[in-house]
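Okay everyone, thanks for coming. Let me put the structure up on the screen and then walk you through a few places in it.

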Amino acid sequence: MKNQWMKLFFTIYVGQAFSIIGSAAVQFAIIWYLTLQTESAITLTMAAIVGFLPGALLGPFAGVWIDRYNRRTVMILADGVIALSSVSLAVEFVLLDNPPIIFIYTILFFRGIGATFHMPAIQAVIPTLVPADQLTKAGGWGNFITSGSNLLGPLLGALLMGIIPIAGVMLVDILGAAFAIICLLFVKIPDIPHQTDKPRFFKELKQGIKALKGNRLLMKALPQVVCVGILYFPLSSLFPLLVLTHYHGGALHNGFVEVSFASGMLISSILLGIWGGVKQKFLMVSLAIMLLGGSAITAGMLPASLFVLCILCTFLMGITATFFNVPFYAYVQESTNPQDMGKVMSLLLTVFTLANPIGLGLSGPISEVIGVNQWFVFSGVALIAVGLLCLVQTKKPEIEYLSKQAGLQNEMNAS
């Protein structure tokens with residue numbers, strides 16, 4: 001059947017939606033608990049670092065396992081690790097009421113391990129189910145489900161914390177993971193040839209790096225994409241400070257900003273899910289980077305009295321997030337050998353994970369000196385330059401890539 005892929009795709013993602021909502025609710029509950037108990041910025045910073053460490057330390061090696069073993073099994077095990085961590089924390093809350101901070105850090109670390117394997121595994125699975133010309137559409141719907149789930153999760157966590165003890169909130173994650181696993185059991189994921197000899201991690205890691213470096217178009221775009229990660233992540237983290245210091249707003253104003261950004265992501269995801277975008281994926285990526293830069297400049301330069309226009313800027317930023325991420329990953333999925341997909345995805349996610357703290361390390365001190373609104377202007381100018389460079393760097397190799405793909409398709413049709 002022509003649209004059989006949609007049934008399989010949505011079966012997986014409906015399950016993932018429940019899992020993401022549960023995980024986001026529990027993550028919110030844990031962070032809010034630490035906030036109330038310690039009122040310490042250092043504690044929260046450490047919690048963020050502990051959560052990101054598995055991706056930085058294990059990310060490149062996770063891809064080796066994903067490409068060696070059944071990817072559905074890897075996803076089920078990853079969901080199981082996250083759920084078991086919630087069970088352990090729930091038991092600890094029941095027994096001790098106030099578990100040691102170090103134990104909570106340990107739980108966050110194990111949740112990070114589960115995410116490190118889960119994210120590249122699902123990215124590697126999708127191109128085995130979805131036709132290459134439908135990957136951008138699938139990415140749009142996947143982004144819509146993921147974004148919506150990440151929006152609902154914290155709201156559910158906040159609601160439950162006002163009704164039941166925090167140990168009860170942990171059950172939400174367990175139920176969500178169980179539902180996701182059940183959905184995966186109903187999906188047959190095509191097998192790819194697996195190596196049966198003993199894993200040689202560094203050798204296979206080199207294979208992943210070789211596959212990454214052999215993708216000419218991707219390598220042309222990658223430096224600019226990493227720069228976007230360095231410049232963009234601090235913007236999302238500094239928005240509350242921009243609202244407070246430049247626009248003289250409060251919690252409600254910051255809430256409008258968050259909802260506006262999420263709405264931009266959701267609406268653009270639906271649009272991509274229906275439309276599918278243009279064939280020149282890096283044209284979309286480059287234009288999205290420039291639109292992001294223009295929105296950042298405008299948000300930093302607007303007078304405090306025009307906060308409504310700042311909300312519009314965050315809405316546009318939400319749109320750029322979708323039009324940047326979805327075509328980029330769709331290209332990686334369609335252009336990478338299935339046997340190397342897990343390794344390549346893990347390497348990319350590791351690079352982007354490392355870009356985040358670099359960006360935060362640069363933006364914090366500079367913003368203190370020049371002001372957070374001026375950092376938005378500076379970042380916006382830099383992003384427009386990066387977008388233009390990405391457009392110039394990828395235009396010719398993308399045309400060559402599309403011409404080659406069209407030739408291959410004509411040969412297949414002729415045969």
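This is a predicted model: local features need pLDDT of at least 70, side-chain atom pairs count only at pLDDT 80 or more; totals for chains, interfaces and linings use all residues.

If you search the whole structure, you get 17 aromatic pairs. In the pair of Trp375 and Phe378, the ring centres are 5.4 Å apart and the planes make an angle of 40°, so we call that pair tilted. The cut-offs behind that word are simple: under 30 degrees would be stacked, and over 60 would be edge-to-face.

Now, buried or exposed, what are these two? Trp375 has 2% relative accessibility, so Trp375 is buried. Phe378 comes out at 47%, and that makes Phe378 partly exposed. The line for exposed is drawn at over 50%.

While we're on rings, there's also a cluster. Ring pairs join up Phe282, Phe324, Phe328, Tyr329, Tyr331, Phe352 and Tyr401.

Phe328 takes us to the core. The largest nonpolar core is made of 84 residues, and Phe328 and Phe376 are the ones with the most contacts inside it. Which helix gives the most to this core? That's H8, residues 216–245, with 14 residues. As for Phe376, once you skip the neighbours within four places in sequence, the contacts include Leu235, Leu238, Phe239 and Leu242. Also on the contact list of Phe376 are Ala296, Ile297, Ala299 and Gly300. There's a second core too, separate, with 19 residues; among them are Val26, Ile30, Leu34 and Tyr105.

In soluble globular proteins, nonpolar side chains tend to be buried together. But have a look at the surface as well. Leu84, Val87, Val91, Val94, Leu95 and Leu96 make a nonpolar patch there, and together they have about 570 Å² of accessible area. Leu96 belongs to helix H3, residues 71–96, and with a relative accessible area of 46% Leu96 is partly exposed.

Helix H3 also holds Met75, and Met75 is buried, at 0% relative accessible area. What does Met75 touch, leaving aside neighbours within four places in sequence? Ile12, Gln16, His118, Ala121, Ile122, Val125 and Leu184. And Ala115, which is 40 residues from Met75 in sequence, has its C-alpha 9.4 Å from the C-alpha of Met75.

Okay, charges. How many salt bridges does a search of the whole structure find? The number is 4. One of them is Arg216 with Glu400, at 2.8 Å from N to O. Arg216 is in H8 and Glu400 is in H13, so this pair ties together parts of the chain 184 residues apart in sequence. Both ends are partly exposed: Arg216 at 44% and Glu400 at 38%.

Another one is Lys281 with Glu334, where the closest N and O atoms are 3.2 Å apart. This pair also links distant parts of the chain, with Lys281 in helix H10 and Glu334 in helix H11, residues 307–335, 53 residues apart. Here Lys281 is buried, at 9% relative accessibility, while Glu334 is partly exposed, at 23%.

Then there's Asp340 with Lys343, with 3.6 Å between the closest N and O atoms. Are these two buried or exposed? Asp340 has 16% relative accessibility, and the cut-off for buried is under 20%, so Asp340 counts as buried. Lys343 is buried too, at 2%.

Lys210 sits in helix H7, residues 201–213, and Lys210 is exposed, at 66%.

Last stop, back in H10, residues 281–301, where we find Ser295. Ser295 is buried, with 4% relative accessible area. Not counting residues up to four places away in sequence, Ser295 touches Cys313, Leu316 and Met317.

That's my tour, so let's open it up for discussion.

Key: Residues are numbered from 1 along each chain as its sequence is written. Side-chain values use heavy atoms; hydrogens and water are left out. A nonpolar core is a set of buried Ala, Val, Leu, Ile, Met, Phe, Trp, Tyr and Cys residues joined through side-chain atoms within 4.5 Å. Buried means under 20% relative accessible area, exposed over 50%, partly exposed in between (1.4 Å probe, protein chains only). Helices (H or I, at least four residues) and strands (E, at least two) are DSSP runs, numbered from the N terminus. Contact means heavy atoms within 4.5 Å. Rings of Phe, Tyr and Trp (its six-membered ring) pair if their centres lie within 6.5 Å; planes under 30 degrees apart count as stacked, over 60 as edge-to-face and the rest as tilted. Patches are made of residues with over 30% relative accessible area and no salt bridge: like charges are joined within 9 Å, nonpolar side chains (Val, Leu, Ile, Met, Phe, Trp, Tyr) within 5 Å. Accessible areas come from the Shrake-Rupley method with a 1.4 Å probe; for residues, only the protein chains shown count as cover. A salt bridge is a side-chain nitrogen of Lys or Arg within 4 Å of a carboxyl oxygen of Asp or Glu.
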